[in-house]
Each structure stands twice: as structure tokens, then as C-alpha cells.
Amino acid sequence: MKKSIYEPREDSLLLSDQVRKNAKGVVLDMGTGSGIQAEAALELRQVERVIAVDKNPAAVKHCKRTIKKRKLECYVSDLFAVFKKGKLKGTQFDTIIFNPPYLPADKNKPDMALIGGKKGYEVVERFLADAPHHLKTGGSILLLFSNLTNRHKVEELIKLNGFEFKQLASSRQFFEELFIYQLAKNETAQKLEPMGFSDIHYLDEGQRGVIFTAMHNGRKVAIKIKKPTSEAEGRVRNEGRTLELVNKHGLGPKLLMAKPDLVVYEFVEGVFLKDWLPKARKAQIKPLLRDLLHQGFVLDKLGVAKEEMHRPLKNAIVAKNKVVLIDWERTHQSKKAHNVTQLCQFLMVWRDVLTKKGMRIKDKDVIEAAKAYKQKPSDTTFNAVVKTIDKS
Ligand SMILES: C[S@@+](CC[C@H](N)C(=O)[O-])C[C@H]1O[C@@H](n2cnc3c(N)ncnc32)[C@H](O)[C@@H]1O
């Protein structure tokens, strides 16, 4: 074997053991090196076809020459590049095996088979970002890495790319511990992919829901799913119903799909109000606050209590100088919805920031206008509230 090809070592053997136990269907041996993982997969009856790829042409040449099996094909490829065009375009696998270069950069050992990048996990990061496109919905990935790769980061990347994992094996040798994880698409991805969603990425989670982003019919969407642990039944359903209503009045992100346990809406590309305000100029802030108050007024008229309008910081996104209210799961119908008066409280809490921007909002004026509005909500009393911004 050529010197530039990775000779099977402890890591290779640990992984090939798991390949023999878990590989099935159409298999990808990523970074095949000596071809040891491809050979292990080829032994199995339940394996239909093996594609072995490596960035290193010498490794691919070696595999083609030494492993003569009808079920095997070998290609030179930087990760999934060969599956982006030509006859292999879009190929998907039941099993993907990867013993990646996973060590942090070392000036003295600039080896493509070992070094995963400056921090060690860069090749794994690129691999995981693309892997969802090439793994069938029920398929699995066998991934090897070590404690020198930054385990916490690898787990975070796995989760971010819509996978869940379990540890299949580990082995300690002097200062290094090796791990083999089996990754599968998480429940959400398994459920959503058949519905035409792709690129499913974890974004955030609250007490009741988990949010993912995805692509659907060529556009980026946000998906909120009820947490299995949440007892707050109906919150996600409530968000869907409310969005349907407020969308008719131009409010909220555009609803695309509502089911009892999931809601899909257009992803709003923008900045949270809390991050936007301190950086914006007075000329931008004034119209935005006016718009926010108008949205509160529309909601009051609809009898929709949004709640948390006294701090619309993370549930208001500024996109192209317009504000879009998100997070509608806690809204409820109320004859006394008080969105505008809550927004008045917000103006007072943020007075110092607004003052720094050259706006002079007087608490006294806001309180007076808010009181009058609360007593008798009408166009006139609402206009008096807006005036406190106009005058500032
Ligand atoms: C640690 S070796 C593993 C070799 C073999 N699979 C094994 O288990 O012994 C990592 C392999 O990944 C290949 N590799 C590194 N970066 C790659 C990339 N971006 N795309 C494809 N292969 C890559 C290297 O050339 C090397 O053969």
C-alpha cells in the first residue's frame, strides 16, 4: 500500500466491527483509505451496493485495484461532491460510514488522513451539514471520532443538523478515547421529509415547542413542533389558528401549514427587536414603533391578547425596517385585550435607550394616553398614544 494511504489502525478496526453489525442496503464508505470499511460491508448479505470515495486519488486507485467485487464502485471525491452531478447525482444511502480525519491541526503532521482542520472537527462539520441530503429517511450513519475532536462540539453539530445519536462503542488507548456514534434522522426529520421538507435544522426551543428551519417548495420555513414532554396541550394548534386569523390582517409570519402538533410558517429573516433597537437611528425607530402600536391596535380590535407585548423583544423581528410579531402560541381571545397598553409599558421601560437616540418620550404623556385608551379604546384615544411617539 502506498505511504500516503491510511493503514488500518485501532480506530479502523473498532469501526469495521460496527459496520459488520449495522450496515445494510446501499452503503457509502466515506474516506475509504485502505478500503477496510467497504470490505467489511461487502461481506454482508443485507448490503446491496457499496460506493467508496476518498479525496486522495491514491486511496481510490488502491481500492479499485485490490477489491474486486461486483457490488463495489470507487470514486475520487471531496466528501459528497461526486453526488452533486453526473450519474451519481442525488444518490441516497441506507448506511454511511465515516472514519474522518478528526485531529486538530499539527504543524509537524500535515496529514490529510488525520487532520480535520484547525480545531479538528471541521471536516466532520462539513460532512454533517451535507449528510442529511444523502441519507435515506430511515438510514443511519456510523461516525467515529475521538475525545481530541471536542466531543461536545460534535454532539452539538449532530443535533443542529437534525440527527439524534447513540454511542455504539468506545475504546481508550493512552491519552485518546475513541467513540463510535450511530446517527439517525431525528423524529421530526423522519416525519417531515415525506411531506416534502428538506434541510431540516434545529434552531431553538422553548418550554413547549422546538423550532426547526427547513426548505419547502423552494422557500425557507420555520417549523414549530410540540415537545413530547410539554403538557401544554393545544398550544401549537392555538398558534396555527391565531396565525390564520391575524394573517388576514397582515400580521405575523405567513402561515403555510397547521396541524394539531406542528405549525409551519415562513421564516422571517431579520433581527430581534432587542438587538435592532440599540443600533437603529431615530428616523428608523419612530416609524417602526408607530407600526408596532398599530399592530397592537389591530389585535385589540380583534380581541386577541398576544401577551408579553410589554417586552416584545424576542417575539418581534425587524425585517427590512418592518416589524413582524412571532410566537403566537400563548395568545388567547379576550374582550379586554390590552396589547396597546402593554406596548406603552414597553416604551417606558425602554425610555433610556430611546432618549439616547434623541427621542423624548415623556412618561407622564404616555401614562395619560394609555389610561384614556384603556378606559375607552377608540381611534381617537389610540391616535393620542401614537402622538407620544410623533412628538418625541
Ligand atoms: C482516518 S482515515 C480512515 C481510512 C479508512 N476509512 C479507515 O477506517 O481506516 C480518513 C480518510 O479520509 C480521507 N479524507 C480526508 N478528507 C476527506 C474529504 N474531504 N473527502 C473525502 N475523503 C477525505 C483521507 O484521505 C483518509 O483516507
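**Notes on the model**

1. The axes of helix 9 (residues 282–302) and helix 10 (residues 339–349) come within 7 Å and cross at roughly 150°. Helix 9 and helix 10 are therefore roughly antiparallel to each other; angles over 145 degrees count as roughly antiparallel, under 35 as roughly parallel, 65 to 115 as roughly perpendicular and the rest as oblique. Axes are lines fitted to C-alpha atoms, for helices over the stretch in contact, and angles run from 0 to 180 degrees between N-to-C directions. Helices (H or I, at least four residues) and strands (E, at least two) are DSSP runs, numbered from the N terminus.

2. This is a predicted model: local features need pLDDT of at least 70, side-chain atom pairs count only at pLDDT 80 or more, and totals for chains, interfaces and linings use all residues. Residue numbers start from 1 along each chain as its sequence is written.

3. Which residues make the contact between helix 9 and helix 10? Helix 9 supplies Leu-292, Leu-293, Gly-296, Phe-297, Leu-299 and Asp-300, and helix 10 supplies Asn-339, Val-340 and Leu-343. Two residues are in contact if their C-beta atoms, placed from the backbone, lie within 7 Å. By class, the contact of helix 9 with helix 10 has six nonpolar, two polar and one charged residues. Ala, Val, Leu, Ile, Met, Phe, Trp, Tyr, Cys and Pro count as nonpolar, Asp, Glu, Lys and Arg as charged, and the others, Gly among them, as polar.

4. Helix 10 also meets helix 12 (residues 363–375): their axes come within 10 Å and cross at roughly 170°. This pair is therefore roughly antiparallel as well. On the helix 10 side the contact uses Val-340, Thr-341, Cys-344, Leu-347 and Met-348, and on the helix 12 side Asp-363, Val-366, Ala-370, Tyr-373 and Lys-374. The classes here are seven nonpolar, one polar and two charged.

5. An open sheet of seven strands has the order 3-2-1-4-7-9-8, with mixed pairing; two strands pair if DSSP finds at least two bridges between them. Strand 3 (72–76) and strand 8 stand at the edges, each with a single partner strand, so one side of each has no neighbour in the sheet. From one strand to the next the twist averages 15°. Helix 4 (residues 122–134) packs on this sheet and touches strand 1 (25–30), strand 4 (93–98), strand 7 and strand 9, its direction making about 165° with that of strand 7.

6. Within that sheet, strand 7 (residues 135–146) runs antiparallel to strand 9 (residues 176–185), with seven bridges joining them. Ser-146 has Leu-178 of strand 9 as its bridge partner. Strand 8 (residues 163–173) is also antiparallel to strand 9, through 10 bridges. In this second pairing, Lys-166 is bridged to Gln-182 of strand 9, and Ala-169 stands opposite Ile-180 in strand 9. Strands 8 and 9 form a hairpin with two residues between them, and Phe-174 in the turn has a positive phi of about 45°.

7. A second hairpin is formed by strand 11 and strand 12, again with two residues between the strands; its turn contains Asn-217, with a positive phi of about 45°. Strand 11 (residues 209–216) and strand 12 (residues 219–226) pair in the antiparallel sense over eight bridges, and Phe-212 stands opposite Ile-223 in strand 12. Strand 12 also pairs with strand 14 (residues 262–266), in the antiparallel sense over five bridges.

8. Three strands form an open sheet in the order 15-17-18, with antiparallel pairing. Its edge strands are strand 15 (271–272) and strand 18 (322–325). Helix 9 packs on this sheet, touching strand 17 and strand 18, and its direction makes about 35° with that of strand 18.

9. Is Ala-305 buried or exposed? Ala-305 counts as buried because it has 20 C-beta neighbours inside 10 Å; the cut-offs are 20 or more for buried, 12 or fewer for exposed, and partly exposed in between, with C-beta atoms placed from the backbone. Ala-305 lies in strand 16 (residues 304–305). Leaving aside neighbours within four places in sequence, its contacts are Thr-331, His-332, Ser-334, Ala-337, His-338 and Asn-339. The C-alpha atoms of Ala-305 and Ser-334 are separated by 6.1 Å, at 29 residues apart along the chain.

10. The ligand is surrounded by 23 residues, of which the closest are Ser-12, Gly-31, Gly-33, Lys-55 and Asn-99; a residue is near a molecule if its C-beta atom, placed from the backbone, lies within 6 Å of it. Helix 1 (10–22), helix 2 (36–42) and strand 2 (47–54) are the elements that give two or more residues to the shell. The shell divides into 12 nonpolar, eight polar and three charged residues.
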